[in-house]
Amino acid sequence: PRCIHCDGPARPAILMFGDGDWLDFDSQESRWFAWTAALESLSTKRQLEGEKLKVVILECGAGNNVPTVRRTSEWTMKKLRKAQADVKLIRVNPELPLGDSTELRPCGEDESRVIPIMSGALAALKKIDEALFTRSFD
């Protein structure tokens, strides 16, 4: 699929199952690294101002068959923590919602930074949506 605005690829540059038409786009990877660097910079700036940047990484449906997604989520979380951000990883997976790295696993020093949701992605997203839109933020 193509973007209706710029005619670029309308999907992430991620190899999906049975995806014989997949093409890697270096420009998407460059934008990803620029975006994470910008978050790190903003987090550092906020820290100097006496605040913490709050970041949530929402990962849906990445089990053992897609370890790259899981590693990327945890890697991004660690980079932002080093930049003093207040980061949480919400991991939605019906079988493996816990952290993988030692510090994010149960009893790890950063276990509380992972919010495991043992559910399928669509059901969890519907519940999250419902909770956000029925909650008062006053």
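This is a predicted model: local features need pLDDT of at least 70, side-chain atom pairs count only at pLDDT 80 or more; totals for chains, interfaces and linings use all residues.
Colleague: Which residues make the nonpolar surface patch of about 420 Å²?

Modeller: Helix α1, residues 26–48, supplies the largest share of the patch, three residues. Helix α2, residues 67–82, holds W75. The patch of about 420 Å² is made by W32, F33, W35 and W75.

Colleague: What pattern do the helices and strands follow along the sequence?

Modeller: The secondary structure comes to three helices and three strands. Read along the sequence, their pattern is α-β-α-β-β-α.

Colleague: In what order do the strands form the sheet, and is the pairing parallel or antiparallel?

Modeller: In general, strands of a sheet pair through backbone hydrogen bonds, in either of two ways. Here three strands form an open sheet in the order β1-β2-β3, and the pairing is parallel. β1 (54–60) and β3 (114–117) each pair on one side only, which makes them the edge strands. From one strand to the next the twist averages 15°. To restate the order and pairing: β1-β2-β3, parallel.

Colleague: Which residue in β3 is the bridge partner of I90?

Modeller: Strand β2, residues 86–92, runs parallel to β3 and is joined to it by four bridges. In β3, the bridge partner of I90 is I115.

Colleague: Which strands does α2 touch, and what angle does its direction make with that of β2?

Modeller: Helix α2 packs on the sheet, where it touches β1 and β2. The direction of α2 makes an angle with that of β2 of about 165°.

Colleague: At what angle to β1 does helix α3 run?

Modeller: Helix α3 spans residues 121–134 and lies across β1, β2 and β3. Relative to β1, helix α3 runs at about 145°.

Colleague: Among contacts between residues at least 6 apart in sequence, what percentage join residues at least 24 apart?

Modeller: The count takes in contacts in the protein between residues at least 6 apart in sequence. Of these, the part joining residues at least 24 apart is 55%.

How values were computed
Residues are numbered from 1 along each chain as its sequence is written. Side-chain values use heavy atoms; hydrogens and water are left out. Patches are made of residues with over 30% relative accessible area and no salt bridge: like charges are joined within 9 Å, nonpolar side chains (Val, Leu, Ile, Met, Phe, Trp, Tyr) within 5 Å. Accessible areas come from the Shrake-Rupley method with a 1.4 Å probe; for residues, only the protein chains shown count as cover. A salt bridge is a side-chain nitrogen of Lys or Arg within 4 Å of a carboxyl oxygen of Asp or Glu. Helices (H or I, at least four residues) and strands (E, at least two) are DSSP runs, numbered from the N terminus. Contact means heavy atoms within 4.5 Å. Two strands pair if DSSP finds at least two bridges between them. Axes are lines fitted to C-alpha atoms, for helices over the stretch in contact, and angles run from 0 to 180 degrees between N-to-C directions.
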